[in-house]
Every structure is written in C-alpha cells, then in structure tokens.
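This report describes one protein model, beginning with a single helix and the sheet beside it. Please keep the sequence and the structure in view while reading.

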Amino acid sequence: MKILVTGGAGFIGSHIAEELVSHKQDVRILDNFSAGKLKNIRHFEKKVELLEGNISDKATVDDAVKGCNYIFHQAAMVSVEESIKNPVKTWDINIKGTLLVLGAASRMGVKRVVLASSAAVYGDTLALPKREDGALNPKSPYGESKHINEMNAEKYLKDFKLQTVCLRYFNVYGPRQDPDSPYSGVISKFVSAALRKERPIIYGDGEQTRDFVFVKDVVKANLLAMSEKKAAGQVFNIGTGTETSINSLWKEIKKQTKSKLVPIHKAPREGDIRRSFASIVKAGKVLKYRPEYSLEEGLKYTIEWIKENSS
Ligand SMILES: NC(=O)c1ccc[n+]([C@@H]2O[C@H](COP(=O)([O-])OP(=O)(O)OC[C@H]3O[C@@H](n4cnc5c(N)ncnc54)[C@H](O)[C@@H]3O)[C@@H](O)[C@H]2O)c1
C-alpha cells in the first residue's frame, strides 16, 4: 500500500509522513520546498520516496499520485497575509493544486483523500464553539480557497465516487513549526521571543482566544479520517474544544521558559477574530478523535524543540 503526503516536508505533513513511516507504510512525499525543509524529514528521508515538484503542475501531480492508494493533501500556500497580497498565486496552489490532486486520485483509483482544510473557513462568524454545520464566512483568499476545496471534495465524491474527508484544523502548533517565518503561529513566535529574551508582541488587549491543538493530535485525526469508514464525504473540526486567550498562552510560556519579559501591546490587527474554538463533538463521535495533549504538555515539547533548533 502506497500513501502520498503532499506538502510532506512541511510542518504538519512531515509529522504525518513520519507517523506513517513508523507504522512501516510505504510513503511518497510531494513538496516543492517553498516552505518545507529537508531537515524536517532528514531523520526518515531514506525511508520515503521524495518527489520535488509543484502541486499546480498536472504532470507532476499525476506522477505523484500514480500507484498510490491513499493521499494526505497538506500542500498549500498557508499564509493569510500573503493570500491577500497574492490571490492569484493562492488560487493556483490551493484551488488548482487541490483539483489536480482530486482529478488524478479519481482517475487513478485512489481509495481516499484526506484534505487539510482550516478554521479560516468560519471567518468572523459569531457562533461559538464553531460547528461544522454552522455558517461560513471566510475573510481572505486563503480561507476562501479552503472553502472552495471543501466544496470540490464533496463534488468529487458525488460525481466521481472518490472518497474525500476534509479536516478543518484550528491553530496547530508543535515541533518543526518555523519560528522564523513571518507567518508562523503565535506559539512559535512567543517561545522564540522568550528564548531570545525579546519582548513578545500582543496585538490588542490579548483577551482574544484561539483553540491551540498539538500537531501529534492532528496527525492522529488524519489517520482516523483515513481509516474510519463513516468519515467519507464529511468535514470535521480538528481542535481541542477549549479556548485559550493570548494573555494566558503567554503566561504559560513565560512560566515554562522562566521568562521575566513584559509583552509589548500593539494596536489590534485589522480583521483579527475575537474568539475562536472548535466543537469537536462530531470528530469525537464519528472519528473517535480525542485530543491527548494538554497545552502545557504540547508546549513542553515545542519549547524543547525550539531550544534545540534555534541558531
Ligand atoms: N498550521 C496551522 O495552524 C494550520 C491551520 C489550518 C490549516 N492548515 C493547513 O495545513 C496544511 C499544512 O500546513 P503547515 O502548517 O504544515 O504549513 P507548511 O507551510 O509547513 O506546509 C505546507 C507545505 O506545502 C509545500 N508547498 C507549498 N506550495 C507548494 C506547491 N506549489 N507545490 C508543492 N508543495 C508546496 C510547502 O513547501 C510546505 O512543505 C496546509 O494545507 C494548511 O493550509 C494549517
């Protein structure tokens, strides 16, 4: 059995690929290394087939999908900010790239495709917690692209009987999330600031909330989405079901890094969503998904990794 992980040299994709390799699965990675890094997969590189190429090139995707039974589709342009500056590029990588994956998968008899979607599809809707059957109002080309991908995934199931499952990740964090990327999550930024003894920046009053989910729990959700029969054709939130304010996140990081730094408060960012957290009831019922890592524990691993890997 062969499994393709697109974006497999990236943060989440490399953890999925590593987990599959640890279960002795035959893994192929397609990545163009625009954000992914060889060092993310170095320790298991010899055990995977690595294809370097662009997800929005048909011949490349066809080659990558050929012979595969399952696909975890993670490759994407992941930055909301960049998507606003460059919607055409976002369309090309996220929407066209996903359509090429779905098209090749249906032509070549792939059994199931699990797609990385995002909480960004909810945008600024007010309902809390966010439920899969609630309103969607994506506010950026990135969020829109993820919404369109979900609709296309559904279409491929209806029209071509290709099994698809979409996972709406909330705020994923953990080892290998690049703290130096301007688009990196707030956790990597706070930890890296604390370790460099630089004051972290908090936009607004810091009482805005997010649902921070450790990357290993996201990997687990992906494997469940691949194996659970009833998951086909469905969309699931993948978070922890709890909300954490940016202030309390900093408090925990401050404690774990023994930092005495005082954050710098800047004006709230335009369009910043006030509160966000997932209902994981559906993922619990259908996928038997239960997040296992508390924020405290997940942060411990993340801090260790950033300590070991910062230059
Ligand atoms: N990290 C999060 O909190 C989060 C939240 C919601 C959704 N997601 C989604 O999860 C997936 C993985 O995100 P991540 O956080 O690991 O980001 P990442 O940037 O580390 O991973 C994306 C990978 O895709 C590759 N890639 C980008 N463009 C490509 C192209 N044109 N051709 C081939 N490969 C290409 C990159 O090199 C990278 O390795 C993405 O689809 C993202 O939208 C992530």
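Helix α6 (residues 141–160) lies across β5, β6 and β11, and its direction makes an angle of about 155° with β6. Contact here means heavy atoms within 4.5 Å. Axes are lines fitted to C-alpha atoms, for helices over the stretch in contact, and angles run from 0 to 180 degrees between N-to-C directions. Helices (H or I, at least four residues) and strands (E, at least two) are DSSP runs, numbered from the N terminus.

The model is predicted: local features need pLDDT of at least 70, side-chain atom pairs count only at pLDDT 80 or more, and totals for chains, interfaces and linings use all residues. Residues are numbered from 1 along each chain as its sequence is written, and side-chain values use heavy atoms, with hydrogens and water left out.

**The helix**

The expected span of a helix is 1.5 Å times one less than its number of residues. The 20 residues of α6 should therefore span 28 Å, and the 27 Å between its end C-alpha atoms agrees with this. Buried residues (under 20% relative accessible area with a 1.4 Å probe, protein chains only) of α6 include Y142, G143, N149 and Y156. Their cover includes α4 (80–85), α5 (87–107), β5, β6 and β11. Just after α6, K161 takes a positive phi of about 60°.

**The sheet**

Strands of a sheet pair through backbone hydrogen bonds, either parallel or antiparallel. In this model, 7 strands form an open sheet with parallel pairing, in the order β3-β2-β1-β4-β5-β6-β11. The edge strands, β3 (48–52) and β11 (235–238), each pair on one side only. From one strand to the next, the twist averages 20°. Two strands count as paired if DSSP finds at least two bridges between them. Strand β5 (residues 112–118) is joined to strand β6 (residues 163–169) by 7 bridges, and S117 stands opposite R168 in β6.

**The whole protein**

The protein has 11 helices and 13 strands. Some overall values follow.

| Property | Value |
|---|---|
| Span of the C-alpha trace along the principal axes | about 55 × 45 × 40 Å |
| Buried share of the 311 residues | 51% |
| Accessible surface (Shrake-Rupley method, 1.4 Å probe) | about 14,700 Å² |

Of the accessible surface, 53% belongs to carbon and sulfur atoms. The radius of gyration is taken over C-alpha atoms, and the globule rule is 2.2 Å times the number of residues to the power 0.38. A compact globule of 311 residues would have a radius near 19 Å, and the protein agrees, with 19 Å.

Terms used: Buried means under 20% relative accessible area, exposed over 50%, partly exposed in between (1.4 Å probe, protein chains only).
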